[in-house]
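Student: Could you show me how to read a structure I have never seen before?
Tutor: Gladly, let us take it one feature at a time.

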Amino acid sequence: MPTFRKLQQVVASVPASDGAGVKLRRSLGSSPYARLDPFLMLDEFFSDDPNDYLAGFPAHPHRGFETVTYMLDGHMRHEDNHGNTGDLGPGDVQWMRAARGIIHSEMPQQTEGRMRGFQLWLNLPAQEKMSPAAYRDIASSQIPVVNNVKIIAGKLGDVTGPIYGGSTDPYYFDVQLAPGAVFECALPASHNAFAYAYEGEALVGEERKALAHRSAGLLSEGDSVRIEGGAEGARLLLLAGKPLGEPVVQYGPFVMNSGEEIEQAIADYQSGAFAREGIGRIKVATPQ
Ligand code: FE
């Protein structure tokens, strides 16, 4: 018998701004208490008004974790200090492991129309925080879809997403539900999991507890998830990852395990050490 996870805690999103003033909604990460190990932050950016996004995210550093950008609408260009460039269009994903250091920019390539998407911050274990940076650009066409569920990372039944395995073994699904439609899947009991409804409302668990629009619903323990589309249906992200159980010390775009490591990150950034590193491609484990 499956044990369905319950909706345990809700982290409502709050208005925030990042980069050079891009307006967004932040749920996870809106305070140091609003994290779900190994997830540090989830931002949703959405606007039809170019004034909200045109300034973009000019060059900035990261160290100690992974950033995952998932575009729904619009067009963003990525450049980093290692000479990599990438174009993100609707449905594309950029999975970037900053690890010991990257400096990059993410700039809108449109002057009108809708810009919508997400940025997730996923922590790395202590032993990988100083490993070489790596990234993957994942085109929409490389993301499998099963019954209106896009599998960006992890495994649904025997279908594996382009990102699979690793120390946090992330699951990242984009789920579309008609009113009253039910999505059920197994998720490893070892993982923490949450859902974020970005359109409509969802009903979570056998209790059918309502998860409001633009809120992150942290899920209880269990080995399975049951989510139902609300009266107007729902589109939601379902995320799960293996917790690290390590101290988290964050200073802006640096996330390490101690204050000394944060001071080192600042010193390395200021001395230009970030710019001297090479970059690799994220390797994906073989599904079992
Ligand atoms: Fe960034």
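Student: Is methionine 115 buried or exposed?
Tutor: Methionine 115 counts as buried, because its relative accessibility is 2%; buried means under 20% relative accessible area, exposed over 50%, and partly exposed in between, with a 1.4 Å probe and protein chains only. This is a predicted model, where local features need pLDDT of at least 70 and side-chain atom pairs count only at pLDDT 80 or more, while totals for chains, interfaces and linings use all residues. Residues are numbered from 1 along each chain as its sequence is written, and side-chain values use heavy atoms, leaving out hydrogens and water.

Student: Which strand holds methionine 115?
Tutor: Strands (E, at least two residues) and helices (H or I, at least four) are DSSP runs numbered from the N terminus. Methionine 115 sits in strand 11, residues 115-123.

Student: What does methionine 115 touch?
Tutor: A contact means heavy atoms within 4.5 Å. Leaving aside residues up to four places away in sequence, methionine 115 touches several residues, including Phe45, Tyr53, Met71, His75 and Pro108.

Student: How many helices and strands does the chain have?
Tutor: The chain has 1 helix and 25 strands. Its radius of gyration is 18 Å, close to the 19 Å from the globule rule for 288 residues, so the chain is as compact as a globular protein of that length. That radius is taken over C-alpha atoms, and the rule is 2.2 Å times the number of residues to the power 0.38.

Student: What share of the chain is buried?
Tutor: Of its 288 residues, 53% count as buried.
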